[in-house]
Amino acid sequence: MTTRQLLSLAWRESRFARKRLFLFLSSISLGVAALVAVQGFAANMQREVRQQARTMLGADVMLSSREPFRDRVEAILDSVSMSGVDMARVTSFASMALHPETGATRLVRVRAPQPGFPFYGVIETEPAGQWQSLHNGRNLIVDPALLIALRAEVGDSISIGATRFEISGSLQRMPGDIEVASSFAPRVFFPARFLEETELLGFGARVDYEAFLRVPDPGTADAFVERYDEIWRPLGVRARTLEDQQERME
């Protein structure tokens with residue numbers, strides 16, 4: 001039997017199964033197309049994650065503790081700071097905000113950063129540029145939800161503990177922002193140098209202490225953490241690097 005006869009026979013015999021064959025081939029084509037699309041989306045997402053991880057972390061290394069850093073940790077931080085590593089600390093805790101004029105109060109999440117934080121990324125405020133002037137005085141940048149809760153406006157004075165701050169702006173966008181978390185306790189930011197004036201860090205206060213580091217060579221961040229991890233971990237200090245942030249995001 002010749003090849004032509006074989007093809008003719010196959011074509012004639014397939015007339016009862018052509019619809020099923022077409023459906024089978026179509027399913028395979030759609031499946032392959034979907035797989036390629038998903039893989040392409042995942043690759044683009046991972047690439048974007050790598051690009052944005054440093055911005056969302058705000059530094060190359062972040063150290064955090066539920067209690068003030070011990071003397072041994074402070075000695076290490078002083079040493080690395082003198083070696084060219086930039087450092088900015090942020091102290092966070094829950095407190096009450098009071099609007100003296102309206103008498104309204106609201107539970108807030110206080111974050112008191114030192115100058116330089118964050119090292120990567122841009123914090124947007126309304127009016128614009130207020131984050132850059134935060135440390136010029138007793139300034140306060142707040143979540144917009146707090147303005148509504150306290151019936152306050154930019155320029156009003158708000159009491160946090162024993163200190164009054166002037167609302168210089170509202171927070172519009174912050175790298176790594178989680179809006180759901182801020183809806184439970186709106187955030188307020190004021191300069192770390194006024195922490196003692198608030199008299200809120202006394203006995204029983206639940207405080208988070210963070211140190212953000214920018215190393216000269218970001219590629220050495222993991223090696224930097226590994227060098228001191230055996231010292232930090234037993235003292236209750238947790239370290240997060242750019243690689244850790246990428247894994248969390250992915």
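In which element is the place of Thr 163? The place of Thr 163 is in strand 7, where strands (E, at least two residues) and helices (H or I, at least four residues) are DSSP runs numbered from the N terminus.

## The model and its chain

This is a predicted model, in which local features need pLDDT of at least 70 and side-chain atom pairs count only at pLDDT 80 or more, while totals for chains, interfaces and linings use all residues. Residues are numbered from 1 along each chain as its sequence is written, and side-chain values use heavy atoms, with hydrogens and water left out.

The chain contains 8 helices and 10 strands. Of its 250 residues, 38% count as buried, a word that stands for under 20% relative accessible area, whereas exposed stands for over 50% and partly exposed for the range in between (1.4 Å probe, protein chains only). The accessible surface of the chain comes to about 15,000 Å², and 54% of this surface belongs to carbon and sulfur atoms; such areas come from the Shrake-Rupley method with a 1.4 Å probe, and for residues only the protein chains shown count as cover. If one takes the contacts (heavy atoms within 4.5 Å) between residues at least 6 apart in sequence, 76% of them join residues at least 24 apart.

Thr 163 counts as buried because its relative accessibility is 5%. Leaving out residues up to four places away in sequence, Thr 163 touches Arg 138, Ile 158, Glu 197 and Thr 198.

Ser 168 lies in strand 7, and Ser 168 counts as buried because its relative accessibility is 10%. Apart from its neighbours within four places in sequence, Ser 168 is in contact with Pro 127, Gln 130, Asn 139, Leu 140, Ile 141 and Val 154. Ser 157 is 11 residues from Ser 168 in sequence, and their C-alpha atoms are 9.4 Å apart in space.

The structure holds 7 aromatic pairs, where rings of Phe, Tyr and Trp (its six-membered ring) pair if their centres lie within 6.5 Å, and planes under 30 degrees apart count as stacked, over 60 as edge-to-face and the rest as tilted. Phe 165 and Phe 190 form a stacked pair, with 4.4 Å from centre to centre and 20 degrees between the planes. This pair links distant parts of the chain, for Phe 165 is in strand 7 (residues 163-173) and Phe 190, 25 residues apart from it, is in the loop between strand 8 (187-189) and helix 6 (195-198). Both Phe 165 and Phe 190 are buried, and together with Phe 194 they form one aromatic cluster.

## Nonpolar cores

A nonpolar core is a set of buried Ala, Val, Leu, Ile, Met, Phe, Trp, Tyr and Cys residues joined through side-chain atoms within 4.5 Å. The largest core has 23 residues, of which Leu 140, Ile 158, Ile 160, Val 188 and Phe 190 touch the most other members. Among the elements that give two or more residues to this core are strand 2 (86-98), strand 3 (105-113), helix 4 (144-150) and strand 7. A second, separate core of 18 residues includes Leu 63, Phe 69, Val 73 and Leu 213.

In helix 7 (residues 221-232), the residues Ala 221, Phe 224, Val 225, Tyr 228 and Trp 232 are buried. Seen down the helix axis, these buried residues fall within an arc of 95 degrees, so they line one face of helix 7; the arc is that of the directions from the helix axis to the C-beta atoms. An α-helix has 3.6 residues a turn, so residues three or four places apart point the same way.

The buried residues of helix 7 pack against strand 1 (61-65), helix 3 (71-82), strand 9 and strand 10 (238-241). On the face turned away from this buried side, helix 7 carries the exposed residues Glu 226, Arg 227 and Glu 230.

## Backbone details in the loops

The peptide bond from Phe 117 to Pro 118 is cis, with omega near -10 degrees, and Pro 118 is found in the loop between strand 3 and strand 4 (124-126). The peptide bond from Glu 126 to Pro 127 is cis, with omega near 0 degrees.

Arg 151, in the loop between helix 4 and strand 6, is a residue other than glycine with a positive phi, near 55 degrees. Arg 151 counts as exposed because its relative accessibility is 54%.
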